[in-house]
Amino acid sequence: FCIKSASGKDPERQLLEVKSALRLSAYQITFMKVPPYAAINETVEAVKRILNKKFAGFVNAVSRKLVNFNCKESIEKIENRIERISTLYSFETWMVKRWETFYNDIENLLSGLNKTAPLYMRVNRIKIFPEDFMEMLRKKGIDYEKHHFLNDMVRVKGRVDIKSLPGYKDGYFYIQDPASYLSAYLLNPQEGELILDIAAAPGGKTTAIASLSNNRASIVAVDINEDRLRTLEDNIKRLSVKNVKIVKADITKSYGELESYFEKFGKILIDAPCSATGIIRRHPEGKWNKSLSLIKHNQKVQRKLIKSSFKLLKPGGILLYSVCSLEKEEGEDNIPIAR
C-alpha cells in the first residue's frame, strides 16, 4: 500500500527483483532504525548489480518518496472501514469482513495476530518435575516465567537457541503453545486409560497425554502422513514416552488396524486439520494462503473425522475436538455433528 501510494504505480506489475527491492527499502524506512540513506543506497546498488541502472533509478526515486511519505495518514483516508482496517493491520479484506461477524473487538484480534509469538515449553513430567526444571533454568541464568494456570508450561524470554537449552537432548521439555497443550490437559488422561489421538503427528499432544498420565495410559496415535509419523516416533523416543502404538490410517476412508478397537476407547482427541487462522502470529504466511473454499473443504474433512471417531468411542466415553482456527465453520458449527 505504501509503495503504491507513494509511487502511484502498482508494485505487483513490476519485475520480481524490483518489487523485492522496493519492499526492502519500504520495510527498512518504515519499521527499522536503519538510516534512510543507507537503506536506499544498499538496495539501489543491489538492483544495479542484479538488473541495470534504469531499474536502479526507479527504485531510488520511489524509495526517496517513501522517506517523507506518511503511510498511516494515507491509510486513515481510506473511506471503507473494513478496507482501512485490513490495510492498517495487513490482512486480506475478506478475512477481516467475516471475522468482524464472529468477534467484537476486531482490531484487538488483528493486533494480537501481528505480535511475535512467545516461546513456551511444556515440561516433560516423565523425566523431570516443573519445579526442578525451572531451577535448572535459573541456575543457567535463563530468564523465564511460569504460565499463570498451566503448571507444566514455562515461557522462556528473549531469543534463545532451543537446542542449547538445558535438558533438550535429555527430553526434559517439548516446545508447545499453551493452547495446544490445553486440549490434552482438558482431556484429563488417567493411568490405565485407553486413549486415541487422531491426527497425532508430530506428537505434541500424544506426548502431553503420556506426561499427564505419568506414562501409564495406553495411547494409539493415528496420522496419515508418513514423514510426520517419523517425527512423532522421534519425539516419543526423545521424551521417553511408553505405551504408544503408532498407526498410519485415514479413518474417514478405512479403519485398517483400528477395526479391532470399535467402541474400545474411553477418550478420543481429534486435533483436526484446519485453516490454522488462529496461529497466524506463528505462521504469518497464513494471511495470504487461505480461502473460503479451503475452510469449506476443511469442514467436510472435520465432520467425517468426528463421525468416524464415534465408532471407536466406547459408550459414555469422551471425544474432545480441537482446532487452531478462528473460523466458526471449523469450530462451533461442527458441534451438532458430535450430537
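Helices (H or I, at least four residues) and strands (E, at least two) are DSSP runs, numbered from the N terminus. The legends below describe a predicted model, in which local features need pLDDT of at least 70, side-chain atom pairs count only at pLDDT 80 or more, and totals for chains, interfaces and linings use all residues. Residues are numbered from 1 along each chain as its sequence is written, and side-chain values use heavy atoms, with hydrogens and water left out.

**View A. Leu119 in strand S1.** Leu119 lies in strand S1 (residues 119–123). With a relative accessible area of 18%, Leu119 is buried (under 20% relative accessible area; exposed is over 50% and partly exposed in between, with a 1.4 Å probe and protein chains only). Leaving aside neighbours within four places in sequence, Leu119 is in contact (heavy atoms within 4.5 Å) with Val154, Arg155, Val156, Val160, Ile162 and Ile175. Leu119 and Phe102 are separated by 17 residues in sequence and by 28 Å in space, C-alpha to C-alpha.

**View B. Lys205 and Thr206 in helix H11.** Helix H11 (residues 204–212) holds Thr206, and Lys205 is also found in helix H11. Thr206 counts as buried because its relative accessibility is 0%; Lys205 is buried at 9%. The side chains of Lys205 and Asp271 are joined by a polar contact of 2.9 Å (a pair of N or O atoms within 3.5 Å; within protein, one must be able to donate a hydrogen and the other to accept it, and residues adjacent in sequence count only if both atoms are side-chain atoms). Beyond four places in sequence, the contacts of Lys205 include Gln176, Ser180, Leu269 and Ser322, while those of Thr206 include Ile219, Ala221, Leu232 and Val244.

**View C. Helix H13.** The 19 residues of helix H13 (residues 292–310) should span 27 Å at 1.5 Å a residue, and the end C-alpha atoms are 28 Å apart, which agrees; the expected span is 1.5 Å times one less than the number of residues. The buried residues of H13 are Ile295, Asn298, Gln299, Gln302, Leu305, Ile306, Ser308 and Ser309.
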